[in-house]
Amino acid sequence: MRAPDTILPLELDRVGFAAGERMLLDGVSLRLETGVRTVILGPNGAGKSLLLRLCHGLLAPSAGSVRWSGAAGGEAVRHRQAMVFQRPVLLRRSVVANIRYVLALRGVPWRRRTALALDALERFGLASLAPRPARVLSGGEQQRLALARAWASGPEILFLDEPTSSLDPAAALSVEMAVQEFHTSGTKIVMTTHDLGQARRLADEVVFLSRGRLVEHAPAAEFFKGPQSAQARAFLAGELVC
Ligand SMILES: Nc1ncnc2c1ncn2[C@@H]1O[C@H](COP(=O)(O)OP(=O)(O)OP(=O)(O)O)[C@@H](O)[C@H]1O
C-alpha cells in the first residue's frame, strides 16, 4: 500500500553535469508531474541517459539541484523509485529469487516475498519461468523480469532507459504494454527511446534534449505536430545526428 504523501513532482533547477572541463548537461530546469508519461528524446550523446541517472540519484549534479516534493530524501525517496535499463541487471539466481531479493532490500517480511514475487511474474506472463535461472531467459523475458521486479516494489515513479532498444518488435511491444500497465496503475513514467513510433504511442509529454541542453518540454501532440525549435524539427526529420 502506497503512503498517502507523494514524492512528486520532481523538480530540477539549473542542473548541470560536468566531466572534467566538459559540461555534458547544462542548465536543465524541469518539473516532472505525476500522471503524465514523459518521454525524453534527442540525438545520440544529447544527455538523455545522464538526465535519467541524475533524476534517479545514480549521479549527483555538479551544478543546480534535483528535488523531490514533500519527502525527506535519502532511502525513503530511493525506495519509491525504480529504474529499468537497456540491458537488465539480473542476479545469478532464479527468476523468482531476483524479485524476492529486491523485496528483502525494501524491508518486505520474508513470508510475503514469494507471494508478491509470483504475483508480479504472473502479471508479466513469466509465472511458468519462476524457478529458472534468470540469466538463461531470452532478452525479452529478461526485460519483462526487470519490469516485474520493479512492479513488485510498487514504485511511484519508474525510469526506463531505452528499454526496448535491444529487443525484437514483439518483445518491444510487450514491454510497451507493461509500461502502459504501470501508467494505468498510477506509476509516473519517465523514459528515453530512439523509437519515434514508440514515443508517439507512449508519450503524454516530450522532453527534447540536444547537446546537453533542454530545448523543448511540450505536450506530445504539440511536439510531434509542430516542434518549436530548429533542432527538434531536424531531429524529427531524421536530419539531426548529434
Ligand atoms: N560518467 C561519464 N563521464 C564522462 N562522460 C560521460 C559519462 N556519461 C556519459 N558521458 C558522455 O556524456 C554524453 C551524453 O551521454 P548520454 O549517455 O547521456 O547520451 P544519450 O543522449 O543517452 O545518448 P544515446 O542516445 O547514444 O544513448 C556523451 O558524450 C557521453 O559520452
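## Helix α5 and its surroundings

Helix α5 is followed by glycine 154, which has a positive phi, near 60°. The model described here is predicted.

Helix α5 covers residues 139–152 and has 14 residues. From its first C-alpha to its last, α5 reaches 20 Å, close to the 20 Å expected at 1.5 Å a residue. Of these 14 residues, 12 are buried, so α5 is largely enclosed by the rest of the structure. Among the buried residues of α5 are Glu141, Arg144, Leu147 and Trp151. The elements against which the buried residues of α5 pack are listed below.

| Element | Residues |
|---|---|
| β5 | 81–84 |
| α3 | 95–105 |
| α4 | 110–123 |
| β6 | 157–161 |
| α6 | 169–184 |

The chain as a whole contains 9 helices and 9 strands. A compact globule of 242 residues would have a radius of gyration near 18 Å, and the chain agrees with this, having 18 Å. Along the principal axes, the C-alpha atoms fill a box of roughly 55 × 40 × 35 Å. Buried residues account for 38% of the 242 residues in the chain. Of the contacts between residues at least 6 apart in sequence, 67% join residues at least 24 apart.

The model also holds a ligand, whose surrounding residues include Ala19, Leu24, Asn44, Lys48 and Ser49. The shell around the ligand divides into 4 nonpolar, 5 polar and 1 charged residues. Helix α1, residues 48–56, gives the most to this shell, with 3 residues.

Definitions and conventions: Residues numbered from 1 in each chain as written. Predicted model: local features only at pLDDT ≥ 70, side-chain atom pairs only at ≥ 80, totals over all residues. Near = placed C-beta within 6 Å. Helix = DSSP H or I, 4+ residues; strand = E, 2+ residues; numbered from the N terminus. Nonpolar A, V, L, I, M, F, W, Y, C, P; charged D, E, K, R; others polar. Expected span 1.5 Å × (residues − 1). Buried ≥ 20, exposed ≤ 12 C-beta atoms within 10 Å, placed from the backbone. Contact = placed C-beta atoms within 7 Å. Rg over C-alpha atoms; globule rule 2.2 N^0.38 Å.
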